[in-house]
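Here's a quick walk through a multi-chain model. Have a look at it first, then read on.

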Amino acid sequence: MKHTTRKATRHVNQNEGLIFEKSSAGKAAWKLPPLDVPEVDTAKALGAAERKDLGNMPEVSEIEIIRHFTRLSTWNYAIDLGMYPLGSCTMKYNPRVNEAVARVEGIANGHPYQPEKISQGALRIIKTLSECLIEITGMDAITLQPAAGAHGEMTGLLMVRAYHQSKGNARKKVLIPDSAHGTNPATAAMVNYAVENLKSDSRGMVDIASLEAQMNEDVAALMLTNPNTLGVFEQQIHKIADILHAKGGLLYMDGANMNALVGKVRPGDFGVDVMHLNLHKTFSTPHGGGGPGSGPVAIKKDLEPFLPTPVLVTKPDGTLGFDYNRPHSVGRVRAFYGNFGMFVRALAYIQANGPDGLRQTTEDAVLNANYIRKGLEGTYDLPYATPTMHEVVFSDRIQARKGVRTMDIAKRLIDYGFHPYTTAFPLIVPGALMIEPTESESKEEMDLFIEAMKSIAEEVEEDPQTVLDAPHSTRVSRLDETAAARKPVLRWKPGN
Amino acid sequence: MAYPTDRKYTREHEWIQVDGNSATVGITDYAQQSLGDIVFVETPKVGAELTAGKTFGTVESVKAVSDLFAPASGTVTEVNGDLATSPENVNKDAHGSWMVKITLKNPKELDGLLSAADYEKFVAEEAGH
Amino acid sequence: MRYLPKSPSDREAMLKAIGLRSVDDLFAPIPAEYRLTRDLRIPRQMAESEIVDFFRQRSRENGDGYTSFLGAGAYFHYRPVIIDSLISRGEFLTAYTPYQAEISQGTLQSIFEFQSMICELTGMEVANASMYDGSTAAAEAVMMAVRLTGRRQVVVARSLHPEYREVLATYATHQGMPLSVAPFGADGRIDLKELEAAITPETACVLIQSPNFFGTIEDVEAIAEVAHKHGAMLVVSIAEAVSLGIIEPPRQADVIAMEAQSFGVPLGFGGPYCGVIATREKYVRQMPGRLVGQTVDKQGKRGFVLTLATREQHIRREKATSNICTNQALVALMVNIFMTVYGKVGLKELAKQNLAKTAYAASQFAKHGNVLFSHTPRFNEFVVATSEDPYAINGRLLGHKIVGGLPLRKFYPEFGNAALWCCTELTTRSAIDTAVGLVAESERSVRSAKEEVEEVAR
């Protein structure tokens with residue numbers, strides 16, 4: 001008798017329901033201590049403001065919660081499981097010591113309004129990290145207040161606007177290359193600047209002639225990602241800065257790709273006036289399924305008066321404190337001081353590396369991207385032959401002939417045990433495959449990845465349907481996004 | 001795809017069918033095809049003023065948004081309410097699923113638009129890129 | 001370097017495969033004049049033990065071991081242990097935004113549960129996957145109301161967290177959104193007459209906080225009536241999420257902008273926290289932030305995806321509802337687990353304990369000082385006015401390892417010597433008694449000193 005083992009898709013841990021579906025009156029995962037003060041008559045204390053019912057909130061036990069979230073977690077891919085080559089996202093290893101030190105009692109439980117006298121530890125962390133980031137970027141001052149990269153962009157552009165305003169003309173628009181992240185134009189709109197597109201040249205860099213033609217006294221800044229989203233370093237960066245500065249404009253650098261530069265070159269040295277960093281990219285704080293991030297903004301001296309309030313200062317007695325008296329400040333962009341927990345993690349990362357470690361990290365990141373480029377060149381179309389820094393962008397031109405697009409190849413990659421690369425971005429490459437290995441990948445892991453990508457390319461030629469139907473190995477496959485958007489179901493309700 | 005000859009077309013892929021002083025506007029089959037599954041259509045309210053060449057709404061697929069450009073200036077007299085609940089109708093029958101009806105302000109504006117044959121040629125070139 | 005998985009010979013082999021002689025060749029695209037030829041001037045590489053030691057020392061300089069009566073937008077509640085056990089799983093901690101649905105169902109389903117529970121608790125129909133924090137959520141909610149109404153003027157309650165007001169002012173500056181302020185009355189709530197006077201036909205929304213910055217509960221129903229009468233929307237900020245266990249949610253609001261830090265998120269010196277926006281279904285297309293929706297896969301199996309993404313920056317670019325991209329996903333997961341642990345009954349009991357501790361503390365303070373707004377319902381904060389400068393009082397309390405209430409003078413000069421005190425379920429009766437005793441002592445000495453002066457003057 002022939003015996004076959006079928007995949008047990010009906011196993012409970014593959015079919016974990018919603019937490020609401022486990023709820024039953026009387027179950028509990030909590031216990032409060034006995035009250036040491038008199039009870040309150042809530043009706044008397046609150047009157048009409050008293051809430052009687054909490055709707056369909058669940059009632060479950062602790063073991064059910066542990067199993068529920070543990071089962072859900074197994075449906076996720078993660079850096080801890082393998083290579084996560086999402087271009088532009090910098091999915092590098094998240095060191096565990098970062099997590100440990102962020103949970104040390106006085107750091108985890110510090111209240112933002114506790115007196116400065118007993119906040120010196122937190123303030124010292126902010127100061128030390130600020131100094132490190134200023135040195136790494138080659139800038140003059142920094143704010144750690146913005147909560148994420150896009151929030152940093154907004155803060156940076158607010159300072160740009162305030163700077164121009166102080167010169168008597170806030171100016172009207174911001175130039176943004178066609179290869180930019182979507183956050184750049186969205187940010188410009190929030191700061192009420194019009195967006196003007198700047199096209200790339202045939203090498204994937206800023207088209208200098210276009211920049212010269214478009215640059216005038218209406219332009220507040222150029223928002224440049226460097227290396228850009230093609231993983232290409234803007235070789236004419238000094239010229240770009242000169243063109244802007246000659247007409248009084250500022251050079252804003254989106255630091256999303258700073259991991260290609262740390263310890264090798266400093267934006268402050270090549271003419272950048274304002275830039276943001278993503279601590280959750282370059283400085284290893286975890287992405288956590290989409291956040292939290294942290295988006296410090298580093299600036300040149302001329303913009304210092306405009307920093308958001310408050311600004312960290314050293315007082316005459318040597319202790320640290322906040323200065324709230326900043327008449328030219330753009331104001332506050334977030335309550336309190338920013339995502340402090342991320343500062344702790346980023347500083348721990350910098351300490352674990354030191355100058356030599358950070359430089360080696362950058363070198364390895366660039367080495368890895370070039371190794372993948374070499375490994376896949378020929379198998380996949382490389383639209384720009386310009387040298388690659390930390391990420392490489394291919395296109396699906398060759399595979400598209402068989403009706404297979406970048407998203408299909410990405411989905412098939414899942415079956416090989418890898419997270420997909422970034423698909424369909426940057427927009428200047430139709431059918432883009434944007435691959436960023438980061439320094440965290442060993443040669444062996446990358447060889448496996450290259451092998452997988454080559455194998456998929458073969459499948460495209462021999463059996464495209466296998467690729468088009470992928471993934472085959474996951475709990476769910478090709479979810480109906482159209483139905484989700486046409487008739488949105490955005491919350492659980494009893495009976496659905 | 002044969003494009004109906006009873007109407008005119010824009011280079012932004014809208015069609016307009018004129019009936020006396022009023023006109024009906026929609027998007028072309030080519031437009032619905034390049035957008036993919038349409039999930040949402042945003043139309044102006046009755047009474048809104050459209051200006052030729054300017055946007056008057058959007059069509060959305062899961063991962064793209066496309067502006068609707070007015071083929072001619074005019075006042076909106078009617079909006080296709082079915083699209084709010086069944087945007088997929090545009091995919092099924094783009095030339096039958098109109099978006100707005102307007103009273104034309106300046107019928108002369110239509111002279112600059114494409115005929116069915118010209119539009120077909122235009123689309124063939126665009127797709128060839 | 002212990003995070004880098006390559007040996008020198010691996011690097012050699014890779015360079016050879018690429019066809020380069022040295023690592024420097026990889027950086028040739030960078031103009032030579034800018035290349036850094038020295039070490040960065042940052043601390044040297046440290047061992048893990050040294051790093052841990054560094055942060056333990058910083059911890060000791062940071063209020064470790066103090067009992068605190070601070071609230072004001074950041075609350076010290078108990079965090080069930082399983083929150084950290086679960087969020088420390090690498091599959092949650094080290095995953096990216098769930099764009100690839102097939103291998104992100106864990107994150108997606110948990111966000112869907114988060115959205116659902118936020119809806120249950122706030123009485124709204126839809127909630128997003130999170131915003132940066134309560135302050136930016138409030139600003140974004142206001143901008144949402146501006147888009148929905150086509151009006152630009154905004155009325156902001158003076159009883160809204162002062163730093164939230166500052167953030168809104170920053171966001172509004174360049175959006176052509178004039179702000180006006182609605183003052184509070186003697187009962188610590190918005191003065192309805194003044195509110196109505198501040199509303200114009202151009203008012204897009206009224207932004208309030210309840211429980212407000214002083215801990216008092218606003219009359220949301222009456223405020224909503226005034227706002228709606230003039231065609232303005234009502235945006236309600238909730239800074240103390242635990243209040244939702246016992247306080248009726250602002251169901252009359254059009255948009256709720258919440259800070260969920262109280263639900264299992266460490267104080268962490270101010271962040272990361274967890275903002276969230278909830279609203280009516282009909283407004284969902286103007287809501288910023290990511291959204292998870294339920295759908296089915298090709299076999300008809302239930303699954304979850306990011307949806308209505310056309311609102312967002314990566315698709316709509318400069319016309320997006322907001323520039324927000326990275327949100328607070330892992331913090332939202334903490335909030336989600338916290339809500340699940342306490343659930344329908346626990347959240348109510350937890351809120352009742354907060355209420356009881358606060359009622360007790362306020363009654364004790366009232367014996368020796370002046371507790372303001374004491375006839376208005378409040379949740380877990382209250383304002384105590386003293387004769388002595390609260391900074392001086394707090395200085396003395398610090399000597400007893402107690403952090404007193406937040407002096408209000410900085411934000412509200414009109415309050416003079418008043419401070420905002422907060423109690424949670426973690427505040428013990430003995431800590432309250434000690435603090436009250438110390439404040440009372442000074443009140444007595446200040447009074448007797450005053451009497452002495454008066455005697456001499458006589």
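## Ground rules

This is a predicted model, so local features need pLDDT of at least 70 and side-chain atom pairs count only at pLDDT 80 or more, while totals for chains, interfaces and linings use all residues. Residues are numbered from 1 along each chain as its sequence is written, and chains are lettered from A and ligands numbered from 1 in the order in which they are written.

## Chain C overall

Chain C comes to 13 helices and 15 strands; helices (H or I, at least four residues) and strands (E, at least two) are DSSP runs, numbered from the N terminus. Its C-alpha trace spans about 95 × 55 × 50 Å along the principal axes.

Of the 458 residues in chain C, 61% are buried. Buried here is 20 or more other C-beta atoms within 10 Å of a residue's own, exposed is 12 or fewer, and partly exposed is in between, with C-beta atoms placed from the backbone. Take the contacts in chain C between residues at least 6 apart in sequence: 72% join residues at least 24 apart. A contact is two C-beta atoms, placed from the backbone, within 7 Å.

## Where C meets A

Between these two chains, 164 residues of chain C are in contact with 170 residues of chain A. Which helix of chain C gives the most to its side? That's H11 (residues 329–366), with 23 residues.

The chain C side divides into 82 nonpolar, 47 polar and 35 charged residues.

## A sheet in chain B

Chain B has an open, antiparallel sheet of six strands, ordered E1-E2-E3-E9-E8-E5. The edges are E1 (8–9) and E5 (49–50), each pairing on one side only. Pairing takes at least two DSSP bridges between strands, and two bridges join E1(B) to E2 (residues 14–19) of chain B. B:Tyr9 stands opposite B:Trp15 in E2(B).

Chain A has a cis peptide bond between A:Gly291 and A:Pro292, with omega about 5°; A:Pro292 sits in the loop between E6 (274–276) and E7 (297–299) of chain A. The bond from A:Phe425 to A:Pro426 is cis too, with omega near 0°.

A:Thr438 isn't a glycine, yet its phi is positive, about 65°. A:Thr438 counts as buried because it has 25 C-beta neighbours inside 10 Å. Over in chain C, C:Ser130 has a positive phi near 135°, and it lies in the loop between E2 (126–127) and H6 (134–149) of chain C.

Definitions and conventions
Nonpolar A, V, L, I, M, F, W, Y, C, P; charged D, E, K, R; others polar.
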